Amino acid sequence: MIQKPKGTYDVYGEKGSTILYIENVLRALMDRYNYEYVRTPHFESSELFHRAVGETTDIVTKETYDFLDRGERKMTLRPEGTAGVIRSFIENKMYARDILPVKTWYYGPMYRYERPQAGRFREFYQFGVEVFGSESAMADAEVISIPVHLYKILGLKNVKVKINSLGDTASREKYREALIQHFEPHIGELCGDCKERFKKNPLRILDCKIDHDLEVMKSAPKTIDYLNEESKKHFEEVQKYLKAMNIEYEINPKIVRGLDYYTHTVFEVEAAVEGFGAQNVLCGGGRYNNLVKNIGDKDVAGVGFALGMERLLTALEYEHIAFGSSALDVYVVPFEDTKEEALALVQFLRLNGFKVDTDYMNKNMKANFKQADKMHASFVVLLGSEEVKTGILTVKNNHTKEEYKIEKEELIAFLDEKLVEDCHCEECECDNE
RNA sequence: GCGUUCUUGGUGAAGCGGUUAACACACCUGACUGUGACUCAGGCAUGCAUGGGUUCGAUCCCCAUAGAGCGCCCCA
């Protein structure tokens with residue numbers, strides 16, 4: 001038996017409906033925010049990610065899918081979306097647009113060679129936005145508002161927005177040094193991982209799950225104390241705009257993000273769901289005023305965020321939120337000698353806009369009614385030789401079990417009327433609210 | 001990359017070193033060749049992730065491999 005590769009998954013059934021629903025929500029949402037869709041290749045020159053993500057992060061040193069193409073070019077399956085979008089922004093000279101900022105969104109599969117665990121796969125889907133060309137804190141606030149809005153639409157409660165500021169390059173560097181000075185005398189007290197982090201990426205020490213109770217951790221310097229005037233002002237403005245939009249947030253000085261391209265605002269949205277496990281961060285992002293320059297020598301500010309679909313789906317599952325496919329309008333029961341007429345009727349109804357299905361398995365009557373129930377059919381139409389002969393159809397309301405004799409010409413009008421009348425659901429598009 | 005738990009039909013699962021691998025749900029057939037919830041009678045894993053080994057005999061014990069879950073590293 002051939003199995004799917006480790007860390008991948010198939011989508012089918014109810015999960016498929018949920019994903020399609022969310023994707024539609026994303027599309028509509030981004031249209032409302034006036035963001036444009038950008039699609040970039042799933043693989044890029046390896047160098048792009050090395051420049052974007054930074055050589056020190058593990059993402060690039062050991063977690064990417066790298067390969068040589070037949071022309072011996074080093075290629076990498078994209079481990080995240082930002083780098084490709086920036087490359088596209090520069091290559092297509094979007095910075096020269098007549099309308100700035102350029103507000104973009106993307107959605108698609110990303111690849112990381114990691115050990116799979118809850119809500120984490122080797123091929124995973126990310127949705128994200130990138131806004132280029134604005135240094136205004138308004139852009140930061142708008143970007144933060146998008147996932148908040150999305151989670152609200154999806155009905156996800158108990159989400160928490162956590163923000164922090166790393167400041168501009170100068171502030172950030174000053175802070176980094178302060179952090180090193182702070183931890184250096186106590187390095188012996190830290191766990192093994194933190195000793196490693198101290199050398200590679202001291203900011204990440206703040207994220208440690210083992211050492212977080214240590215005195216030296218609690219007394220660690222905070223990023224916001226090292227912001228220069230300009231950075232401080234920017235951070236205050238972000239908060240001002242968030243308040244203006246009624247978005248609740250808390251400042252968490254320990255949010256530093258893993259990637260070293262961030263400047264100023266960084267944020268995460270967490271799901272406070274019981275039993276959700278270690279992977280409770282639903283999305284993260286921030287401002288990256290130097291990244292475009294690093295990649296393409298154009299000094300353009302940027303701010304963005306990304307969210308993982310798999311983790312979002314897990315969170316929805318925990319909250320018992322599902323978006324199943326809609327119920328069938330009509331189930332047609334064919335008989336041995338009326339298959340052609342049945343299929344013709346099915347097609348006729350479909351052409352008139354109804355959601356219709358029938359039996360393809362030569363089921364008996366009992367099994368057919370069972371199947372109609374399983375498909376949540378509103379109406380069952382029996383089509384035997386008698387109905388074919390007389391042109392008068394037997395139509396049964398599958399909820400009330402009432403039976404009607406309807407002429408074929410009247411069927412569409414009958415269904416139109418009855419379907420609206422009977423509809424009690426909250427989600428469908430009918431006008432019967 | 002490290003640690004740890006696990007893998008038995010379509011599903012939930014019981015099981016013990018020894019002849020037919022429980023039970024339930026689902027599904028199929030018939031009683032009931034045109035009306036569904038009940039009932040009754042049948043059917044439904046030559047096989048217990050895969051490959052080796054120990055044994056007279058392995059779903060069960062041992063080893064390896066693969067996959068899944070959880071935690072760590074890392075991280076949207």
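The structure is a predicted model. Chain A is divided into domain 1, covering 13-168 + 228-318, and domain 2, covering 330-422. The centres of domain 1 and domain 2, taken over C-alpha atoms, are separated by 48 Å.

**Helix α12**

- Helix α12 spans residues 339-351 and has 13 residues. From its first C-alpha to its last, α12 reaches 18 Å, close to the 18 Å expected at 1.5 Å a residue.
- Ala 342, Leu 345, Val 346 and Leu 349 are the buried residues of α12. Seen down the axis of α12, these buried residues fall within an arc of 100°, so they line one face of the helix.
- An α-helix has 3.6 residues a turn, so residues three or four places apart point the same way.
- Glu 340, Gln 347 and Leu 351 are exposed, and they sit on the face of α12 turned away from its buried side.
- Gly 353 follows α12 and has a positive phi, near 95°.

**Helix α6**

- Helix α6 runs over residues 169-183, which makes 15 residues. The helix reaches 21 Å from its first C-alpha to its last, close to the 21 Å expected at 1.5 Å a residue.
- The buried residues of α6 are Ser 171, Arg 172, Tyr 175, Leu 179 and Phe 183. Around the axis they cover an arc of only 95°, which puts them on the same side of α6.
- The partners against which the buried residues of α6 pack are the helices α7 (192-200), α8 (215-218) and α9 (229-244), together with strand β9 (263-271).
- On the face of α6 turned away from its buried side, Glu 173 and Gln 181 are exposed.

**The sheet of β2, β4 and β3**

- Three strands form an open sheet in the order β2-β4-β3, with antiparallel pairing. At the edges stand β2 (43-45) and β3 (66-68), each with a single partner strand, so one side of each is left without a neighbour in the sheet.
- On average, neighbouring strands of this sheet are turned by 35° against each other, direction ignored.
- Strand β4, residues 74-77, pairs with β3 in the antiparallel sense over three bridges. Within this pairing, Asp 66 has Thr 76 of β4 as its bridge partner.
- Helix α2, residues 46-53, lies across β2, β3 and β4 and runs at about 80° to β2.

- Strand β7, residues 159-165, runs antiparallel to β9, and seven bridges join the two. Val 159 has Ala 271 in β9 as its bridge partner.
- Strand β9 is mostly covered, as nine of its nine residues are buried. Six bridges join β9 to β10, and these strands run antiparallel.
- Strand β10, residues 281-287, is joined to β11 by five bridges, again running antiparallel. In this pairing, Gly 284 has Ala 306 of β11 as its bridge partner.
- Strand β11, residues 302-308, is also mostly covered, with six of its seven residues buried. Strand β6, residues 123-132, pairs with β11 in the antiparallel sense over seven bridges, and Phe 132 has Gly 302 in β11 as its bridge partner.

**Cys 283 in strand β10**

- Cys 283 is found in strand β10, where it is the bridge partner of Val 269.
- Cys 283 counts as buried because it has 26 C-beta neighbours inside 10 Å, and the cut-off for a buried residue is 20 or more.
- Neighbours within four places in sequence aside, Cys 283 is in contact with Pro 147, Val 269, Phe 305, Ala 306 and Leu 307.
- Cys 283 and Ala 271 are 12 residues apart along the chain, and their C-alpha atoms are separated by 9.4 Å.

Technical notes. Residues numbered from 1 in each chain as written. Chains lettered and ligands numbered in written order. Predicted model: local features only at pLDDT ≥ 70, side-chain atom pairs only at ≥ 80, totals over all residues. Helix = DSSP H or I, 4+ residues; strand = E, 2+ residues; numbered from the N terminus. Expected span 1.5 Å × (residues − 1). Buried ≥ 20, exposed ≤ 12 C-beta atoms within 10 Å, placed from the backbone. Arc of directions from axis to C-beta. Domains from an automatic or database assignment. Contact = placed C-beta atoms within 7 Å. Pairing = 2+ DSSP bridges. Axes fitted to C-alpha atoms, helices over the stretch in contact; angles between N-to-C directions.
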